[in-house]
Protein chains: 2
Amino acid sequence: MKEIFTGASAPPAPAALAAKVRTLAPSMTRSMQRVAEAVAQDPAGCAALTVTGLAELTGTSEATVVRTARLLGYPGYRDLRLALAGLAAQQQSGRAPAVTADIAVDDPIADVVAKLAYDEQQTLADTAAALDTGQLGAAVAALAQARRIDVYGVGASSLVGQDLAQKLLRIGLIAHAHTDPHLAVTNAVQLRSGDAAVAITHSGSTGDAIEPLRVAFDRGATTIAITGRPDGPVCQYADHILTTSTARESELRPAAMSSRTSQLLVVDCLFVGVAQRTYETAAPALAASYEALAHRRSPRTR
Amino acid sequence: MKEIFTGASAPPAPAALAAKVRTLAPSMTRSMQRVAEAVAQDPAGCAALTVTGLAELTGTSEATVVRTARLLGYPGYRDLRLALAGLAAQQQSGRAPAVTADIAVDDPIADVVAKLAYDEQQTLADTAAALDTGQLGAAVAALAQARRIDVYGVGASSLVGQDLAQKLLRIGLIAHAHTDPHLAVTNAVQLRSGDAAVAITHSGSTGDAIEPLRVAFDRGATTIAITGRPDGPVCQYADHILTTSTARESELRPAAMSSRTSQLLVVDCLFVGVAQRTYETAAPALAASYEALAHRRSPRTR
DNA sequence: CTCCGTACGAAAATACCTTTCAGGGGTGAC
DNA sequence: GTCACCCCTGAAAGGTATTTTCGTACGGAG
């Protein structure tokens, strides 16, 4: 638990503000959420307001506004305001367009496709913008040097964990994804310094993923958490925290969808990073995969 | 006093600041010119400075800085500073076009993130554009009405298959993802008209996914293929074909990455489509998921 | 040499931001 | 069901940043 506890360890975010608001919203108090929402809703408008103005607009106090700014990773309201102005200028100049409508029950199938694709693209952009490259680099280093890697995740996250393990295995690392919580803990006991453990949980509070990570942490392994809640319980036992983003959800679009997209991007980044670091051994392994795939090439149907 | 006569007649200038500086320079005094030049030279840097800071930097006084801001058309320095921040953000976002290149071994980690995110976004856009909504609609109808759904996929595709089965299960359908090819075939024998089977294979020629689909097809079940090769062998036995897209791959970016992204989007579309069609039963099930998640709200760390 | 006009900065005045503190409301324990 | 505790919250004090005011200095013209 070295590392200083603000989720936004890195410098303030420039364009990833909307994403950050969504990510941190759950850990905010009600009044803070009001402020954060106002800010995410209308950056340009809020940039024109003073602390007092924004406090009045959101029906809160100046103190709360400042607190919110802090939580979002800025030293104070002044800096948030500057970032807001920047954001406003950006979306003025044509990018970061408005939010799309939710998916409705009677949407034609073509709309469903378009909306889903758009939302997932958005999720990817948000995730990339909010990802702390410092933490990512540290995590990559830990994985690349690890003697052995355990991955924990249950439910939807278990698929992501398996994906990670599969990939790492393919470049010659010793990685294993555990789905069964009991077995995961049993295996975690085997870990020691020089090993690495990864827990994947969107909520950050899935006991079945936290428990094995805790054990690994206590045993001295380097631990990594991939979570949407950088302040969640799982982070207590994580040396490195990789934050995934949260998209707004709707009735027909469960949160699991975007969290999965986000988690997979993080996993891909980890994989490529590790592949870079272990290029000497990874390259032949990757080449072999191509070979294998190439054989399947164009068997020509009829 | 409806306001008039300032050089900047109406609203403050957004991006045309450099031009304005040049225009107004002749009418400025020496110290004002210094300030204006500093501002035009490095908007980002100046945006980070306070009045006092900028005054020191230019070797002038705060009063002069404010006067300059006024001359440039802003009510005061505060507003100039906001405009500066906006300008900086704009020219910041103007660059970063280098993402299109392949990922290299020595790419810094930040580039890796950007490139991967960009590529996956691209894949999503391609997939959405290429997806045949007619086929998709038919597939959705088949799944929604099916008495029982079997999903086949091996390797990376097996994870996608599991994702699909998990989702469908959650809205009350009877779906099962088979990873073991032998068991898959064994189970496929059980299918008959009114059932549905889905095979997921990027190459379109993975025997282990084709074989169970063939059996299901022969047994009279409605069959669906999710593949990147709409002319591959798997399609012989598919009533409905959903095409996934393939992004260019590179040494460090195996094809499996983008095919997975693409497949998942298709799976999500299927899921949402089915959820729409079975809304009566799906809605309560989805609501229950939210409940379960809501309970996890703000458990407060530490 | 004196007078006038303008430029400029120091310091006062103000507006804004930040911090501290104490009350209120909710939550968990008993 | 009651109590105690903790944390959110806003009011107000405290501190900075910005704006205004005002006086001085410099340069040119008479």
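Modeller: Start with one definition: two strands count as paired when DSSP finds at least two bridges between them. Keep in mind that this is a predicted model.

Biologist: In which order do the five strands of the open sheet in chain B stand?

Modeller: In general, strands of a sheet pair through backbone hydrogen bonds, either parallel or antiparallel. In chain B, the order is S2-S1-S3-S4-S5, and the pairing is parallel.

Biologist: Why is one side of strand S2 (175-178) and of strand S5 (240-243) of chain B left without a neighbour in the sheet?

Modeller: Both stand at the edges of the sheet in chain B. S2(B) and S5(B) each have a single partner strand, so one side of each has no neighbour there.

Biologist: By how many degrees are neighbouring strands of this sheet turned against each other on average?

Modeller: The average is 15 degrees, with direction ignored.

Biologist: How many bridges join strand S1 (residues 149-152) of chain B to S2(B)?

Modeller: Four, and the two strands run parallel. For one facing pair, look at Asp150(B), which stands opposite His176(B) in S2(B).

Biologist: Which strands does helix H8 (residues 133-145) of chain B lie across?

Modeller: H8(B) lies across S1, strand S3 (196-201), strand S4 (222-227) and S5 of chain B. The angle between H8(B) and S5(B) is about 125 degrees. Now find helix H11 (residues 207-218) of chain B, which lies across S1, S2, S3 and S4 of that chain. H11(B) runs at about 160 degrees to S3(B).

Biologist: Now a single residue. Is Val274(B) buried or exposed?

Modeller: Count the neighbours. The cut-off for buried is 20 or more other C-beta atoms within 10 Å. Val274(B) has 26, so it is buried. Its place is in helix H12 (residues 255-277) of chain B.

Biologist: Leaving aside neighbours within four places in sequence, which residues is Val274(B) in contact with?

Modeller: Val140(B), Leu143(B), Ala144(B) and Leu168(B).

Biologist: Turn to chain A. How many helices and strands does its secondary structure come to?

Modeller: Chain A has 13 helices and five strands. Of its 302 residues, 55% are buried. Take the contacts in chain A between residues at least 6 apart in sequence: 69% of them join residues at least 24 apart.

Biologist: How many residues does each chain bring to the contact between A and B?

Modeller: The size of an interface is often given as the accessible area lost when the parts come together. Here we count residues: 65 from chain A and 65 from chain B. On the chain A side, H7(A) gives the most, with 13 residues. By class, that side has 40 nonpolar, 17 polar and eight charged residues.

Biologist: And the DNA? Which residues are closest to DNA strand D?

Modeller: Both protein chains take part. Thr29(A), Ser61(A), Thr50(B), Gly76(B) and Tyr77(B) are the closest of the 19 residues that surround DNA strand D. Helices giving two or more residues to that surface include helix H2 (30-41) of chain A and helix H4 (51-58) of chain B. The classes are six nonpolar, eight polar and five charged.

Biologist: Which residues come nearest to DNA strand C?

Modeller: Thr50(A), Gly76(A), Tyr77(A), Thr29(B) and Ser61(B), out of 19 around DNA strand C. This surface has six nonpolar, eight polar and five charged residues.

Methods. Residues are numbered from 1 along each chain as its sequence is written. Chains are lettered from A and ligands numbered from 1 in the order in which they are written. This is a predicted model: local features need pLDDT of at least 70, side-chain atom pairs count only at pLDDT 80 or more; totals for chains, interfaces and linings use all residues. Two residues are in contact if their C-beta atoms, placed from the backbone, lie within 7 Å. Ala, Val, Leu, Ile, Met, Phe, Trp, Tyr, Cys and Pro count as nonpolar, Asp, Glu, Lys and Arg as charged, and the others, Gly among them, as polar. A residue is near a molecule or strand if its C-beta atom, placed from the backbone, lies within 6 Å of it. Axes are lines fitted to C-alpha atoms, for helices over the stretch in contact, and angles run from 0 to 180 degrees between N-to-C directions. A residue is buried if 20 or more other C-beta atoms lie within 10 Å of its own, exposed if 12 or fewer, and partly exposed in between; C-beta atoms are placed from the backbone.
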